[in-house]
Amino acid sequence: MRRFLDARRVGHLATADAKGAPHVVPVCYAIAGATLYVSIDEKPKRASARPLKRLTNIQQNPAVAVTIDRYDEDWRRLGWVMLRGTADILADGDEHDRAQALLRARYPQYAAMRIEALPVIALRIGEATCWGDLTPG
């Protein structure tokens with residue numbers, strides 16, 4: 001399962017607000033131990049100063065899930081992993097900085113972004129479910 005997750009590049013983060021209304025967004029991620037990290041990156045298209053919905057949702061309801069999958073026209077190659085747990089928002093500190101370093105190492109695109117002062121979502125993995133072909137390639 002871990003090799004599959006390391007080989008994939010994009011996951012889908014699901015959060016819900018206090019009333020349970022779902023919100024799903026694609027995310028870049030890095031995993032260390034039993035925690036999956038997602039950085040908030042620069043949003044060049046974002047004109048509003050409103051907080052991101054995913055952050056507001058986590059503050060209201062820390063139960064989250066991330067699904068990482070592979071689609072292939074050969075359906076024998078389909079596979080996915082779902083990670084569920086609770087999320088913390090890291091604004092700063094050692095764990096925040098280690099997470100940012102992991103994400104920068106995994107995604108060279110972050111090198112050109114000023115993400116040091118931006119929050120990191122830390123999903124504390126409580127449950128992992130998988131299905132299908134989890135070969136890394």
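Colleague: Which residues of α3 are buried?

Modeller: This is a predicted model, in which local features need pLDDT of at least 70 and side-chain atom pairs count only at pLDDT 80 or more, while totals for chains, interfaces and linings use all residues. Residues are numbered from 1 along each chain as its sequence is written, and side-chain values use heavy atoms, with hydrogens and water left out. The buried residues of α3 are His96, Ala99, Gln100, Leu103 and Arg106, where buried means under 20% relative accessible area, exposed over 50% and partly exposed in between, with a 1.4 Å probe and protein chains only. They lie on the same side of α3, because the arc that they cover around the axis is only 130 degrees; that arc is taken from the directions from the helix axis to the C-beta atoms.

Colleague: What do the buried residues of α3 pack against, and which exposed residues does the face turned away from them carry?

Modeller: The buried residues pack against α1 (2–7), β3 (30–32), β4 (35–39), β6 (79–90) and β7, contact meaning heavy atoms within 4.5 Å. The face turned away from the buried side carries the exposed residues Asp94, Arg98 and Ala105. Helices (H or I, at least four residues) and strands (E, at least two) are DSSP runs, numbered from the N terminus.

Colleague: How do you know what span to expect of α3?

Modeller: The expected span of a helix is 1.5 Å times one less than its number of residues. With 13 residues, α3 reaches 18 Å from its first C-alpha to its last, close to the 18 Å expected.

Colleague: What makes the buried residues of α2 line one face?

Modeller: In α2 (residues 53–60) the buried residues are Arg54, Leu55, Asn57 and Ile58. Seen down the axis, they fall within an arc of 160 degrees, and therefore they line one face of the helix. Their cover includes β1 (11–16), β2 (22–27), β5 (63–70), β6 and β7. Gln59 is also found in α2, but it is exposed, because its relative accessible area of 63% is over 50%.

Colleague: Why is the pair of Tyr107 and Tyr110 called edge-to-face?

Modeller: A search of the whole structure finds one aromatic pair. The ring centres of Tyr107 and Tyr110 are 6.0 Å apart and their planes stand at 80 degrees, so the pair is edge-to-face. The rule is that rings of Phe, Tyr and Trp (its six-membered ring) pair if their centres lie within 6.5 Å, with planes under 30 degrees apart counted as stacked, over 60 as edge-to-face and the rest as tilted. Tyr107 is buried at 4% relative accessible area, and Tyr110 is buried at 4% as well.

Colleague: Over which ring does the charged end of Arg106 sit?

Modeller: The charged end of Arg106 sits over the ring of Tyr29, 4.6 Å from its centre. The label requires NZ of Lys or CZ of Arg to be within 6 Å of the ring centre and within 35 degrees of the ring normal. The charged end of Arg8 sits over the ring of Phe4, at 5.2 Å from the centre.

Colleague: How many disulfides does the search find?

Modeller: The search of the whole structure finds zero disulfides, a disulfide being a pair of cysteine sulfur atoms within 2.5 Å. Cys28 is partly exposed at 27% relative accessible area, and Cys130 is partly exposed at 37%.
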